[in-house]
Amino acid sequence: MAATMSWGSCLCIHVLIFAWYVFTLSANCSLVNTERHPGAKTYGGRWKYLTFLNLVMQTVFFGLCVLIDIIHLILPAKALRGGVPSLLVKLRDTLFTVLAFPIGSFVFSSFWSIYAYDRELVYPKYLDDIIPVWLNHALHTIIIPLLFVQMYIQNHKYGSRVKGILGLALFSVLYLSWILWVHHVAGIWVYPIMAKLSPMGLVLFFGGAALTMAPLYLLGEKVNRNIWGSAGPQKKKKK
């Protein structure tokens, strides 16, 4: 079982991670669009890319962690037993267990799996001239160690497994619907691999992608249990 960290120590770590994500988000939004890769200028902008949605979500999540840490440092213990502080912790746990960890893990595993098979299907070589190498890894690699750091420093209460997986499934359906809508309206596919698949291939691809979400949710649940055990963490001491 992992040792419980103080709220002050958690705040230091969360501020660093939050600052990293704000910097990465800023760098991503500052990329120059070209004719070869119009990116944000096409229908849906950056919001059609799961990588960008995940980046925004991780930024919001760690911003929420910073807020919760500060609240627990400045408020007396009695004021933390209910009300807004308690709701914020529940929101943090729900966001992490249902969305941040599974989707962050999916972005990492799906991107590098397809990249290893044929990078042109997900990240064509000409993007190396547009997106710096460090930013590519910030978007698709570093997310995983940061998620595990978060899992190690704070215990996250997993709720109903059925509700958690259904919430993740809802997100998957909404995103896949968004991808199809973008193609319907603008005639473009978000990722190159989709343009190379037949209608049946797309069904299998979308279905396979959606089905991998549940195992990633269960993975997060198992890792959290292995780190923290079945019992909840002891109360953190203010420093």
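Helices (H or I, at least four residues) and strands (E, at least two) are DSSP runs, numbered from the N terminus. The structure described here is a predicted model, in which local features need pLDDT of at least 70 and side-chain atom pairs count only at pLDDT 80 or more, while totals for chains, interfaces and linings use all residues. Residues are numbered from 1 along each chain as its sequence is written, and side-chain values use heavy atoms, with hydrogens and water left out.

**Confidence**

- The protein chain has an average pLDDT (the predictor's confidence in each residue, from 0 to 100) of 90, and 92% of the residues score at least 70.
- In residues 231-237 the pLDDT is below 50, and this stretch has 15 contacts (heavy atoms within 4.5 Å) in the model beyond near neighbours in sequence.

- The expected span of a helix is 1.5 Å times one less than its number of residues.
- Helix α2 covers residues 50-74, and its 25 residues should span 36 Å, which agrees with the 36 Å between its end C-alpha atoms.
- Of the 25 residues in α2, 19 are buried, and the helix is mostly covered.
- Here buried means under 20% relative accessible area, exposed means over 50%, and partly exposed lies in between (1.4 Å probe, protein chains only).
- Helix α3 covers residues 83-118, and its 36 residues reach 51 Å from the first C-alpha to the last, close to the expected 52 Å.
- At Phe96, α3 bends by about 45°; the bend at a residue is the angle between axes fitted to the seven residues ending there and the seven starting there.

**Aromatic pairs**

- Rings of Phe, Tyr and Trp (its six-membered ring) pair if their centres lie within 6.5 Å; planes under 30 degrees apart count as stacked, over 60 as edge-to-face and the rest as tilted.
- A search of the whole structure gives 18 aromatic pairs.
- Phe101 and Phe148 form an edge-to-face pair, because their ring planes are at 85°, with the centres 5.7 Å apart.
- This pair links distant parts of the chain, since Phe101 is in helix α3 and Phe148 is in helix α5 (residues 143-153), 47 residues apart.
- Phe101 is buried at 0% relative accessibility, whereas Phe148 is partly exposed at 33%.
- The rings of Trp112 and Tyr115 have centres 5.0 Å apart and planes at 65°, so this pair is also edge-to-face.
- Both Trp112 and Tyr115 lie in helix α3, 3 residues apart, which is about one turn of the helix.
- Trp112 is partly exposed at 22% relative accessible area, and Tyr115 is partly exposed at 23%.
- One aromatic cluster is formed by Tyr21, Phe61, Phe62, Phe96, Phe101 and Phe148.

**His156**

- His156 lies in the loop between α5 and α6 (161-186).
- With 1% relative accessibility, His156 counts as buried.
- The side chains of His156 and Asp93 are joined by a polar contact of 3.1 Å.
- A polar contact is a pair of N or O atoms within 3.5 Å; within protein, one must be able to donate a hydrogen and the other to accept it, and residues adjacent in sequence count only if both atoms are side-chain atoms.
- Leaving aside neighbours within four places in sequence, the contacts of His156 include Phe61, Arg92, Phe96 and Asn224.

**Gly164**

- Gly164 is in helix α6 and is buried, with a relative accessible area of 4%.
- Gly164 touches Val98 and Tyr217, not counting residues up to four places away in sequence.
- Gly164 and Leu218 are 54 residues apart in sequence, and their C-alpha atoms are 9.7 Å apart in space.
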